[in-house]
Amino acid sequence: MQLDEIQKRLLREVADLHEVPEGAYNIRSNSQSAGRRSTANIEIVSKEEVSGLEVRIRPGTKRESVHIPVVMTESGLKEVVYNDFYVGEDADVVIVAGCGIDNCGNQDSQHDGIHRFYLSRGAKVRYVEKHYGSGDGKGKRILNPGTEVYQAEDSVMEMEMVQIKGVDDTVRTTTAVLAAGAKLTVRERLMTHGEQRAESTYVVELNGEGASADVVSRSVARDRSFQKFDAKIIGNAPCNGHTECDSIIMDQGRILAVPGLEANHVDASLFHEAAIGKIAGEQLIKLMTLGLTEAEAEEQIINGFLR
Amino acid sequence: MLELKNISFQVDSEGKGKEIIRNISMTVPDRKLIVVTGPNGGGKSTLAKLIAGIEKPTGGRIFFGGEDITDKSITERARMGIGYAFQQPVRFKGIRVLDLIRIAAGKSLTIAEACEYLSSVGLCARDYVDREVNASLSGGELKRIEIATVLARNAKLSVFDEPEAGIDLWSFRNLIDVFRRMRETIKDSSILIISHQERILNIADEIIVIKDGVVDRQGLRDEVYPSLNAGTAALASMECEGQIRAMGPEGGAE
């Protein structure tokens with residue numbers, strides 16, 4: 001596997017990878033596979049009709065991980081990739097995806113990753129997805145992730161999505177369908193700068209007794225950037241749902257939060273919270289009395305908020 | 001040494017200027033613990049904010065270590081060695097107690113070092129270092145963490161604005177010990193505490209009584225303290241003391 005320094009840097013940003021990962025992996029670089037390994041329990045194969053992967057995780061697989069980072073360093077690349085994950089009964093795995101784009105050219109670079117997760121009964125997945133953009137070209141860095149999650153009884157999905165720097169345009173769409181006893185938690189952290197736009201839409205259906213979902217977004221919109229957070233939870237059974245959007249706006253940043261709840265069963269219990277505001281003046285003052293400048297104080301507050 | 005010379009502070013109130021502080025001059029000498037007391041609304045907290053740089057005086061000059069700091073920012077004053085504990089501590093989402101103490105110390109403390117500051121304000125350190133300084137902490141816990149951040153600064157002048165406010169009796173006893181220890185190890189630094197509390201007044205070297213925006217009395221504790229006990233306006237407003245007494249010796253609920 002040959003990766004140059006920029007590609008290695010992107011890999012560090014999106015997957016915390018310094019070397020070839022342990023466990024199963026596929027590294028996609030400029031639309032080519034730059035390395036792949038399956039393990040005894042996790043099989044990764046290429047799709048035939050479309051670009052993408054099929055990842056099959058055997059029932060009962062414990063404490064194994066799958067890394068599928070994507071890096072793009074050629075300006076003007078546009079790709080749509082379909083990755084499907086089949087997670088066997090009672091498996092317990094970590095899946096790390098992520099996309100880093102370095103665009104020094106004048107043409108837009110775009111990666112649309114469509115991920116589908118099929119969790120069998122009792123399966124547990126921790127899914128981490130990081131997005132990162134760099135490069136000073138005029139071409140935009142565009143990422144449009146689509147995620148579909150299908151959870152069988154008593155399965156658990158924990159999703160952590162992070163996009164802190166450098167992505168110009170994102171439309172994220174996440175849908176999840178949960179059977180009885182299944183549990184979904186989403187932690188999204190987002191920061192936008194400049195003229196960036198980020199939209200995030202969630203539709204979660206709680207279809208079985210005891211299903212639960214907790215979708216929490218923390219975000220910071222700086223400069224003239226715009227964010228839209230649209231989270232909808234539908235309760236079709238005795239279930240628990242919670243969605244929260246907690247945001248800081250700075251400069252001329254704008255945020256639109258559209259929490260939505262739909263209860264179709266008398267024992268569905270659904271909550272939403274949304275709060276948008278600038279950094280509290282007293283927080284800045286407190287850190288300044290500890291010797292930080294206003295800019296340093298701001299940085300600490302944001303770092304903490306997006307931790 | 002901190003010197004306030006002819007400090008005034010005026011705010012706009014319904015189109016009219018309202019004087020909160022009127023021509024106050026006072027000195028906080030090195031190696032001394034000074035307690036500022038007096039009725040509520042008399043301007044004590046404003047005085048603390050003027051010292052920390054959170055408010056700017058509308059008249060007069062402030063000197064610290066001989067240097068005129070009147071036009072210096074909060075950050076500059078903090079870096080010169082002025083520490084300030086808020087009466088109502090600020091909450092932060094995502095910032096941990098450990099982070100705040102490290103920021104206060106201005107260096108990367110080990111967890112053990114940070115824990116010492118927490119222990120000294122009566123918090124079981126291991127339970128708190130990783131907690132976020134957010135709404136999950138009680139008022140009393142926040143207050144103690146606030147004081148720990150000021151201890152961690154090793155400031156030349158530490159200003160505490162009503163440290164007893166919002167704190168339970170058990171914590172309060174600890175607090176007195178904290179100030180006693182600070183007084184014993186004061187070296188060349190100085191401490192200014194705004195308080196109504198009899199027990200805090202008791203450990204003062206000097207007491208300054210502020211009333212209606214002016215210094216009503218000032219002097220050594222033994223000179224000023226008896227007059228406070230004689231049923232003056234300052235004592236009449238010591239409602240905190242009344243609450244703590246009412247809880248009894250083993251009381252302590254917040």
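How many bridges join strand β4 of chain B to β5(B)? There are 2 bridges, and β4 (residues 59–64) and β5(B) run antiparallel. Strands here are DSSP runs of E with at least two residues, helices are runs of H or I with at least four, and both are numbered from the N terminus. Two strands pair if DSSP finds at least two bridges between them.

Before going on, please keep in mind that this is a predicted model, in which local features need pLDDT of at least 70, side-chain atom pairs count only at pLDDT 80 or more, and totals for chains, interfaces and linings use all residues. Residues are numbered from 1 along each chain as its sequence is written, while chains are lettered from A and ligands numbered from 1 in the order in which they are written.

**Exercise 1. Describe how α4(B) packs on α6(B).**

Step 1: Take the geometry. The axes of α4 (residues 111–120) and α6 (residues 139–152) of chain B come within 8 Å and cross at roughly 125°. That angle makes α4(B) oblique to α6(B); under 35 degrees counts as roughly parallel, over 145 as roughly antiparallel, 65 to 115 as roughly perpendicular and the rest as oblique.

Step 2: List the residues. B:Y117, B:L118 and B:S120 of α4(B) meet B:A148, B:L151 and B:A152 of α6(B).

Step 3: Sort them by class: 5 are nonpolar, 1 is polar and none is charged. Ala, Val, Leu, Ile, Met, Phe, Trp, Tyr, Cys and Pro count as nonpolar, Asp, Glu, Lys and Arg as charged, and the others, Gly among them, as polar.

**Exercise 2. Trace the sheet of chain A from one edge to the other.**

Step 1: Write the order. This open sheet has 10 strands, β2-β1-β5-β7-β9-β12-β14-β16-β18-β20, with mixed pairing. At its edges stand β2 (32–37) and β20 (268–277) of chain A, each with a single partner strand, so one side of each has no neighbour in the sheet.

Step 2: Look at the β2 end. Strand β1 (residues 24–29) of chain A and β2(A) pair in the antiparallel sense over 5 bridges, and A:Y25 has A:R37 of β2(A) as its bridge partner.

Step 3: Look at the β20 end. Strands β16 (residues 211–221) and β18 (residues 239–249) of chain A run parallel, joined by 11 bridges, with A:D246 as the bridge partner of A:R218. A further 10 bridges join β18(A) to β20(A), also parallel, and A:S247 has A:I276 as its partner there.

**Exercise 3. Characterise the contact between the chains.**

Step 1: Count the residues: 16 come from chain A and 19 from chain B.

Step 2: Find the main contributor. α2(A) gives the most to the side of chain A that touches chain B, with 7 residues.

Notes:
Contact = placed C-beta atoms within 7 Å. Axes fitted to C-alpha atoms, helices over the stretch in contact; angles between N-to-C directions.
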